[in-house]
Amino acid sequence: MASDPDAALMVAFQGGDERAFRSLFEKHGRAMVSFCHHFVRDQARAEELAQDVFLKLHRSAARYQPTARFKTFLYRIASNHCLNELRRGEYAGRRAAQDRELAPPDPDTLPAGTATPEDHTVARALGGAVEALLARLPEKQRAAFVLARLEGLPYDEIAAVLETTVPAVKSLVHRATVAAAAALAPFVSAEDEVAT
Amino acid sequence: MKHVLDDLTAYLDGVLGARERAQVEAHLEACDGCRASRDRLTGALSVLTRLPHAAAPSAAFERRFYERLEAERRGRPERPGLRDWLTWRWAAPALATAAVAAMLVVTTSRQRAHERALAEHLDLLENYEVVASVGAVETPEDAEVVAHLDQLEGRR
């Protein structure tokens, strides 16, 4: 895939160029922490998971086929790793405790002027509401929602990452977006509803 | 009238085909309920664009990663399969050489055992020049026959 510079770096790494791998880590490491954070909602654990993802990438470099976009390959490793992390028993209790802390905000408690994006208090509340929403979504919906809404991947790429079909992704993203519409209603202004 | 709720997100994401898109738009013109749903979804998508950026990784994130990578490298082959390949590259000829040597040892030792058996009977051959000169004694059984030639001759 000549148009994907990351794929070229990955091929160079397959040929033994460690600097190419470093470039990939420097380019995507930070985004990967953010991606993992959407699943575990713990900064230190998100950093560890992101490191795990790149260690796996380092180990499994030989399996990469240049016909696939590098980002798809990376997010597949990351999604599987994060979903496995969520399935671990020890996480269940911790998540339940976090979910109680991250209950959806009461609209009456929000400060005035919620339509002002510059307001840090509102931004923090919005961040908390999205985290609470993600915590309530089933695993696959969460992964599809994060990939579509927060990482900006197109449906066909999400299907490749989650190893499913485009119609399945369409359904997952739709259900998660309907849930988001209910959870984020307190933050929606009249202007938001006409912004297509 | 078939509602289009299930297609609204795909519609807003611009992933519907031209025909489906036209059907959804025609329905939205006529259905207040689906229009309200579309507006709620549009509002949520708009709010998500205002989501604050995730916190930056800690200062130790990168250093810690390279430490882990280095630790892992010490515990596994430098490149996938490289150690195995190096091992077999040298081990295979060595094993082949050892196998050939073992076969030679076995063959030689069997041959020597046979020669030792003949040697034990050499003293018998000294008295039978005719037999020895034709090289007819090759096995211990031959030597046994030679040892009793006098008896055979006696029967004649």
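In this predicted model, helix H7 of chain A passes helix H8 of chain A in a right-handed crossing. Their axes come within 10 Å and cross at roughly 140°.

**Where H7(A) and H8(A) touch**
- H7(A) covers residues 139-150, and H8(A) covers residues 155-162.
- On the H7(A) side, the contact is made by A:Lys140, A:Ala143, A:Ala144, A:Leu147 and A:Ala148.
- H8(A) brings A:Ile158, A:Val161 and A:Leu162 to the contact.
- Sort these residues by class and you get 7 nonpolar, no polar and 1 charged.

**A look at H6(A)**
- How far apart are the end C-alpha atoms of H6(A)? They are 24 Å apart, and that agrees with the span you'd work out for its 17 residues at 1.5 Å a residue, because that also comes to 24 Å.
- The buried residues in H6(A) are A:Val122, A:Leu126, A:Ala129, A:Val130, A:Leu133, A:Leu134 and A:Ala135.
- Here's a handy bit of background for reading a list like that: an α-helix has 3.6 residues a turn, so residues three or four places apart point the same way.

**Where chain A meets chain B**
- Here, 34 residues of chain A are in contact with 31 residues of chain B.
- On the chain A side, the elements giving two or more residues are H2 (18-40), H3 (43-59), H6 (120-136), H9 (166-183) and H10 (190-194).
- That side of chain A splits into 17 nonpolar, 11 polar and 6 charged residues.

Terms used. Residues are numbered from 1 along each chain as its sequence is written. Chains are lettered from A and ligands numbered from 1 in the order in which they are written. This is a predicted model: local features need pLDDT of at least 70, side-chain atom pairs count only at pLDDT 80 or more; totals for chains, interfaces and linings use all residues. Two residues are in contact if their C-beta atoms, placed from the backbone, lie within 7 Å. Helices (H or I, at least four residues) and strands (E, at least two) are DSSP runs, numbered from the N terminus. Ala, Val, Leu, Ile, Met, Phe, Trp, Tyr, Cys and Pro count as nonpolar, Asp, Glu, Lys and Arg as charged, and the others, Gly among them, as polar. The expected span of a helix is 1.5 Å times one less than its number of residues. A residue is buried if 20 or more other C-beta atoms lie within 10 Å of its own, exposed if 12 or fewer, and partly exposed in between; C-beta atoms are placed from the backbone. Axes are lines fitted to C-alpha atoms, for helices over the stretch in contact, and angles run from 0 to 180 degrees between N-to-C directions. A crossing is left-handed if the near helix is turned anticlockwise from the far one by less than a right angle, and right-handed if clockwise.
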